[in-house]
Amino acid sequence: MHSAKCPRPEMLYRSLQPSSFDPLKPSLSAGDLRACQRTFHFLFVADFEANCERDQPIQPLQEITEFSGVLFDMAKMEEVATFQEFVKPKVVPTLTPFCTELTGIIQADVENAPSFEEVLLKFEAFLRAHGLLDGRGRSSRDRRWAFATIGDWDIKTLLRTQAAFYNVALPDYFEQWINLKLTFRDVFRYYPWSMTSMLKDLNVLQMGRLHSGIDDAKNTCQIVRQLARRGANFRLTSTYFGRYPGYRGEAVTHVQNKDGDVLSLGGMSPPRVFDSPSRPQQALFPFFYADSPISIPFYAANISNTL
């Protein structure tokens with residue numbers, strides 16, 4: 001049964017009309033642009049790749065195969081350093097042909113790679129080398145930084161699930177991050193479909209190979225740079241348990257489909273998405289809010305709290 005607040009899918013679909021909405025025109029006023037604050041000195045723009053199957057979850061665990069990212073200076077708007085490590089999976093040690101096709105990672109890359117635990121230690125050493133951790137291993141107050149990712153999946157789902165399966169305690173600095181899709185949405189008033197659609201809408205040329213962790217991280221830095229030029233406020237948006245306390249975000253007036261078309265909601269609310277602890281329920285319009293076209297079908301458990 002559909003309530004008045006959640007119209008039938010076919011009715012909502014008919015209400016969506018192409019508009020003259022310009023994704024390159026900031027929706028913030030000139031005063032808002034000047035008032036935007038850059039809260040952090042640095043962002044660690046992260047992208048993780050994982051072993052995967054086509055159109056279905058890999059069992060019993062999807063493990064990280066590439067842990068990559070770029071340290072980005074928010075004052076200079078430039079890359080400072082890169083971190084890239086292949087990771088040896090141990091639960092499903094053999095990469096699938098689809099994983100190699102998608103990411104370019106081959107079995108030899110991970111066969112002699114460090115373990116998940118070793119990569120976490122290497123990453124902590126990287127953070128220390130750049131002055132981002134204090135003597136107790138906590139984030140430095142003098143050089144404030146945060147993770148930034150395209151979507152919540154890399155940290156909230158992939159990293160956290162693997163750590164729990166391995167019984168590895170993650171450091172506190174993994175507990176909150178910036179979902180750049182929400183940052184993008186707060187500027188342009190629509191939730192973007194993917195990294196590639198964000199690059200296209202910002203008129204930025206994609207570099208390197210799609211689904212290479214380090215190349216995706218470098219492309220994401222281009223997105224950060226363009227959003228900053230449009231006055232984006234890079235505030236924390238996400239935690240393991242949902243939205244970061246105090247983050248509310250801007251109202252959504254448009255949606256983007258898998259073809260990259262930006263459509264007006266025509267004054268109607270976006271489709272509601274529900275979480276179920278026992279059986280994930282599909283969203284009414286899963287194609288509007290998915291983090292990746294690879295994740296078909298898209299379930300509410302993967303995309304909740306994105307609006």
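Ala, Val, Leu, Ile, Met, Phe, Trp, Tyr, Cys and Pro count as nonpolar; Asp, Glu, Lys and Arg count as charged; the others, Gly among them, count as polar. The model is predicted: local features need pLDDT of at least 70, side-chain atom pairs count only at pLDDT 80 or more, and totals for chains, interfaces and linings use all residues. Residues are numbered from 1 along each chain as its sequence is written, and side-chain values use heavy atoms, with hydrogens and water left out.

**Exercise 1. Describe the second largest pocket: its volume, its central residues and its lining by class.**

Step 1. On a 1 Å grid over the protein atoms alone, a pocket is an open set of points with protein on both sides within 12 Å along at least five of seven lines, whereas a cavity is a set where a 1.4 Å probe fits but cannot get out. Lining residues have an atom within 4 Å of a point. Grid points are joined across faces, edges and corners, and a volume is the space filled by probe spheres set on the points.

Step 2. Read the volume. The second largest pocket has about 290 Å³.

Step 3. Find the centre. There are 13 lining residues, and Phe-40, Ser-139, Ser-140, Trp-145 and Gln-176 are the closest to the pocket's centre.

Step 4. Sort the lining. Six residues are nonpolar, three polar and four charged.

Step 5. Name the main contributor. Strand 5 (residues 145-149) gives the most, with three residues. Strands (E, at least two residues) and helices (H or I, at least four) are DSSP runs, numbered from the N terminus.

**Exercise 2. Determine how many cavities of 30 Å³ or more there are, and what lines the largest cavity.**

Step 1. Count. There is one cavity of 30 Å³ or more.

Step 2. Give the volume. The largest cavity has about 30 Å³.

Step 3. Thr-183, Asp-186, Asn-233, Arg-235 and Thr-237 line the largest cavity.

Step 4. Classify. The lining has no nonpolar residues, three polar and two charged.

Step 5. Look at the charges. Asp-186 and Arg-235 belong to a salt-bridge network that also includes Arg-185. A salt bridge is a side-chain nitrogen of Lys or Arg within 4 Å of a carboxyl oxygen of Asp or Glu. Between Arg-185 and Asp-186, the closest N and O atoms are 3.3 Å apart.

Step 6. Check burial. Buried means under 20% relative accessible area, exposed over 50%, partly exposed in between (1.4 Å probe, protein chains only). Arg-185 is buried at 1%, and Asp-186 is buried at 8%.
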